[in-house]
Amino acid sequence: MSYINIPLDALTSRLNLNGVSEQVRSQSFGQRFANLKPISEFLDLKRLSKPASFAEVQSRVNYNIGYFSTNYAGVALMLGVYSLLTNLTLLFDIIFVGVGLFGIKKLNGRDLDVGFGRATTSQLYTGLLIIGVPLFFWASPIGTALWLIGATGVTILGHASFMDKPIDTAFSEEAV
């Protein structure tokens with residue numbers, strides 16, 4: 001059986017997203033929210049156009065990911081909330097495990113005494129593990145995560161590649 005070698009570096013280096021990720025990491029949390037663009041600018045239908053070439057797609061994606069990075073983070077957050085609201089079993093399991101861990105921690109190492117029985121913290125953690133882990137895998141977290149990655153990627157890259165740069169930016173690049 002022969003294997004197909006795909007040069008991933010050749011594919012990913014064409015987008016040149018290294019500078020964008022370092023620019024986002026260098027900003028503080030407050031500066032990122034100050035960078036939030038208005039919805040009228042983010043969804044400006046007059047600036048939507050089909051790119052002429054892959055070089056133009058690269059240029060648009062590089063510019064728009066840097067320019068609308070906070071808006072894209074908001075889109076990814078909204079898609080994450082949507083994925084949890086549509087997968088109620090996963091949402092229930094996350095809340096169940098979180099509340100269970102919080103409740104066990106509030107016992108401060110003491111046993112739980114409910115009148116008819118007594119449970120040690122070790123038994124409580126074991127019970128939480130026995131219920132939480134199978135429920136977690138039954139809730140299909142991998143499918144949800146893959147859907148979230150795909151939906152976020154298509155939405156963000158689609159917007160970034162079809163949203164044209166502002167006219168003043170296009171003229172400033174030509175002068176250089």
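# Reading the helices and a buried arginine

Reader: How many helices and strands are in the protein chain?

Author: The protein chain holds 10 helices and two strands. Keep in mind that this is a predicted model.

Reader: In what order do the elements run from the N terminus on?

Author: The order is α-α-α-α-α-α-α-β-β-α-α-α.

Reader: What share of the 176 residues is buried?

Author: Buried residues make up 27% of the chain. The chain exposes about 12500 Å². Carbon and sulfur atoms supply 68% of that area.

Reader: What share of the contacts with a separation of 6 or more joins residues 24 or more positions apart?

Author: Such pairs account for 78% of those contacts in the protein chain.

Reader: What does the check give for α5?

Author: α5 has 14 residues, and 20 Å is expected. From first C-alpha to last, α5 reaches 20 Å.

Reader: How do I read the sides of a helix?

Author: Here is the general idea. An α-helix has 3.6 residues a turn, so residues three or four places apart point the same way. Now the case here. In α9, the buried residues are P141, T144, A151, T152, I156, H159, A160 and S161. In α5, they are V57, Q58, R60, V61, Y63, N64, I65 and G66.

Reader: Which helices do the buried residues of α9 pack against?

Author: They pack against α4 (39-42), α5 (54-67), α6 (69-86), α7 (88-106) and α8 (121-138).

Reader: Why does A151 count as buried?

Author: The cut-off is under 20% relative accessible area. A151 has 17% relative accessibility, so A151 counts as buried. A151 is found in helix α9. A151 and L79 are 72 residues apart in sequence. In space, their C-alpha atoms are 7.7 Å apart.

Reader: Where is R47?

Author: R47 sits in the loop between α4 and α5.

Reader: Which side chain of opposite charge is nearest to R47?

Author: That is E41, 4.5 Å away. A salt bridge needs atoms within 4 Å. R47 is buried yet has no salt bridge.

Reader: Which backbone oxygen lies 2.7 Å from a polar atom of the R47 side chain?

Author: The backbone oxygen of D164 does. Beyond its neighbours within four places in sequence, R47 is in contact with E41, N64, F68, F162, M163, D164, K165 and P166. N64 is also among the buried residues of α5.

Terms used: Residues are numbered from 1 along each chain as its sequence is written. This is a predicted model: local features need pLDDT of at least 70, side-chain atom pairs count only at pLDDT 80 or more; totals for chains, interfaces and linings use all residues. Side-chain values use heavy atoms; hydrogens and water are left out. Buried means under 20% relative accessible area, exposed over 50%, partly exposed in between (1.4 Å probe, protein chains only). Helices (H or I, at least four residues) and strands (E, at least two) are DSSP runs, numbered from the N terminus. Contact means heavy atoms within 4.5 Å. Accessible areas come from the Shrake-Rupley method with a 1.4 Å probe; for residues, only the protein chains shown count as cover. The expected span of a helix is 1.5 Å times one less than its number of residues. Lys and Arg count as positive and Asp and Glu as negative; His and the chain ends are not counted. A polar contact is a pair of N or O atoms within 3.5 Å; within protein, one must be able to donate a hydrogen and the other to accept it, and residues adjacent in sequence count only if both atoms are side-chain atoms.
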